[in-house]
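Look at the model shown below.

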There are 2 protein chains.
Amino acid sequence: MSEPRTIGPSSYFDPKDVDRLDPVTGDLVRRRIDALGPSYRLFYRRPLHIVRGSGTKLYDVDGVEYLDTYNNVPSVGHAHPRVTAAIAEQAAVLSTHTRYLHESIVRYAEDLLSTLPDELGHVVFTCTGSEANDLALRIAKKHTGGTGVIVTRNAYHGVSTEIASISPSLVGVDALPDWVRWVPAPDPRRVDWSGYASLGEWFAAQVQAGIDDLAANGVRFAAFVADSIFASDGVLADPVGFLAPARAVVAAAGGVYLADEVQPGFGRTGDAMWGFERHGTAASPFVPDVMTIGKPMGNGFPVAATVLTPEVVAEFGRDMRYFNTFGGNAVAIAAAQAVLDIVRDEGLQDNARVVGAHLQESLRALQSQHLAISDVRGAGLFVALEFGLESYAAAEDLTLAVVNGLKEHHVLVGTAGIYNDALKIRPPLCFSIEDADRFVTELDAVLTELGQ
Amino acid sequence: MSEPRTIGPSSYFDPKDVDRLDPVTGDLVRRRIDALGPSYRLFYRRPLHIVRGSGTKLYDVDGVEYLDTYNNVPSVGHAHPRVTAAIAEQAAVLSTHTRYLHESIVRYAEDLLSTLPDELGHVVFTCTGSEANDLALRIAKKHTGGTGVIVTRNAYHGVSTEIASISPSLVGVDALPDWVRWVPAPDPRRVDWSGYASLGEWFAAQVQAGIDDLAANGVRFAAFVADSIFASDGVLADPVGFLAPARAVVAAAGGVYLADEVQPGFGRTGDAMWGFERHGTAASPFVPDVMTIGKPMGNGFPVAATVLTPEVVAEFGRDMRYFNTFGGNAVAIAAAQAVLDIVRDEGLQDNARVVGAHLQESLRALQSQHLAISDVRGAGLFVALEFGLESYAAAEDLTLAVVNGLKEHHVLVGTAGIYNDALKIRPPLCFSIEDADRFVTELDAVLTELGQ
């Protein structure tokens, strides 16, 4: 596998271009750089000044409508009135923390747990997915007495110091600490799994090799961490079941299996409420030791959670308290409850399955006209469309041109994959058949414009 | 200095007592323990089931009103209508992240920076104070190339893996990693600073000794981290200026001075908008390299920030992006802007100074009747009332009895200090003279009931 080139700022606005923006936008961008400093990025070669959202649509300062196929946080739709009302009503009444009794947090936790395997028995609330993963790893290390962590090649799990350390897509594989090992992501088209009974057996062997290498270097294994849809590794959904052998290897080694459901959770994959469920069967369900959730949980309200088996959290709970000032406060819970209710009431998991299948089918139909499209894959409303050209660099350039071209066509989309050579199509779950068709039409037009 | 005893669960509800609660409360507590697991705590021997808040008052499920002298998050008052309206209005319109242009985040950042020394030039938004401190330390380590951190004996800076590691009040001094050194807190009544020109010179010498000890062990100094009011070390406010010599020592050693303003910030000390400002003069202002803010910033909405000099963040900004999905989203900024506006429009810093002074004076007047009160100290509406008995353990027992007694008198208060021997009085900043008098009256009654 060739090394990915260092991803430049080409999918982002380059501050050197500020003088090429219209005066009003240029002024705002300059003030923003002055006030927020150099660690911030803006999407697109020409940044987008968004002022309003509704459902799957965003509107810029000039009133132009954009179809949002990128944002997974507003999972039930931008500014969903039920979520807005729940937040407004609760904020007007009470917003205190978890050291007073409050009924709604208990009711929500019970409701959430009812969607999960019985083994996952406790919910601990945080504000962000990063905090949820950070806490999960802290608890896993306490439980196992180990420190070793295994992640995939281009994994992203968050931004705290600890979690950045296990996120090679953020810090690079060379910067991983000595207690972290990476394994190639289970991409059936890009890894050589000949000699193994299945992709899953091959992947399990990689994880076992990582565990063995940790042990050989005196590092006790604590946790295997994976996003069940492998979003930053390029969206790897199939064949379902490929995670089961790795899960068995982790259990046999006494480690904690941490399913990072921040991206695939809450029905996005269409097949199931939780991404890991796709990798089990009725006879042999897939049960992680820990699950983390975030992004769509409050439709933009900062709320996230770590869900654990009682066994994993026992030692931590005995020796340590955990208090997150805002985590699970009354308003956060109101937002989260509204989202969970809407996902069910509006049948959004079903919608993700139906519209996602239609979208994949329509995108595959484009392949005959646009030969640069080398693959369409995904599950539900988490879809990747990959470009294959003479080099990965050329494919990345095309991907970025398409992202910026679609933006000029008023469609917002992101990129995915270790080579940054795929579109990441991950819209709000209320995405309609019409929305999907509009995306396909505009993509067709952009590719034609680009001579592809 | 004698070692503090391990702080037991006595200021919290003991789950073993669940059968002694009334049936309705007992049932909710049991369900809560089942769903949330063992890392959660409830305040008070008999937990409080709060359902509503307004201004400085909280109301339980039976409609009983409590005077809140504990909660610093709802700094402008529980359920302040302007904050509620700002959140509701923005949530109904848009709640997206910082990779699209949005005017409000720029305007708020400029507004916040206008309250600060010119050197502090950039704001990076997070969701929690823990995240703000975690990011600050990550940046400080990148800037200095060092890892060594110095904190005070009972410091608390947050709950991420990294920040728990520099929070001895959470993990204990014995569990600090080898890159952390603790120094005694600058408590003028409990440390021996004879031989030094001032308490500040003594404290600076402790910090220098910490830096030297890190160096002697091959650890390069990165940052000194202190809450400018030393909340968990017992609320240490005076003499103003005592932090200045330590600040000079940190600068001379090439380290980053991180002012954790999560507790004293936003006008609470009455004397200034930011706690560190109290330690400077007009001629010689106190300027940290990094400031972190959180808790009251959104009056309960999860929003926090790291504020930095351009110099400190330069290397990090060059090599690394930072993206916090919910950090500084449009709704978070709406809440934060409302709070900043209210603090100014309602004169809450002035109110903190005036009511805080009245409160301290009234509490000191109690000392003649209640000899157990050994000290009253603080700044603005951050006040500690310390008990002195034959032992620290006895003082802690009295403190906890007073906390639970005041709760039965419908007044909510917390504890502070390494020996847990002081009341921590830290109400919403709209606390009135009448509220202060009610607190003093009820404290008087509780101490009388307790025979003190």
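Q: Over the ring of which residue does the charged end of Arg426(A) sit?
A: This is a predicted model, in which local features need pLDDT of at least 70, side-chain atom pairs count only at pLDDT 80 or more, and totals for chains, interfaces and linings use all residues. Residues are numbered from 1 along each chain as its sequence is written, chains are lettered from A and ligands numbered from 1 in the order in which they are written, and side-chain values use heavy atoms, leaving out hydrogens and water. A charge sits over a ring if NZ of Lys or CZ of Arg is within 6 Å of the ring centre and within 35 degrees of the ring normal. The charged end of Arg426(A) lies 4.5 Å from the centre of the ring in question, that of Tyr70(A).

Q: How are the rings of Phe276(B) and Phe286(B) arranged: stacked, edge-to-face or tilted?
A: Rings of Phe, Tyr and Trp (its six-membered ring) pair if their centres lie within 6.5 Å; planes under 30 degrees apart count as stacked, over 60 as edge-to-face and the rest as tilted. The centres of Phe276(B) and Phe286(B) are 6.2 Å apart and their planes stand at 35 degrees, so the pair is tilted.

Q: Is Phe286(B) buried or exposed?
A: Buried means under 20% relative accessible area, exposed over 50% and partly exposed in between (1.4 Å probe, protein chains only). The relative accessibility of Phe286(B) is 6%, so Phe286(B) counts as buried.

Q: Which aromatic cluster includes Trp202(A)?
A: Trp202(A) is buried at 5% relative accessibility, and Phe203(A) is buried at 0%. One aromatic cluster is formed by Trp202(A), Phe203(A), Phe224(A), Phe230(A), Phe242(A), Tyr257(A), Phe276(A) and Phe286(A).

Q: Why is one side of strand 4 of chain B left without a neighbour in the sheet?
A: Helices (H or I, at least four residues) and strands (E, at least two) are DSSP runs, numbered from the N terminus, and two strands pair if DSSP finds at least two bridges between them. Seven strands of chain B form an open sheet with mixed pairing, in the order 4-10-9-8-7-5-6. Strand 4 (122-126) and strand 6 (180-183) of chain B stand at the edges, so each has a single partner strand.

Q: Which residue in strand 6 of chain B stands opposite Ile150(B)?
A: Strand 5 (residues 148-152) and strand 6 of chain B pair in the parallel sense over four bridges. Opposite Ile150(B) stands Arg181(B).
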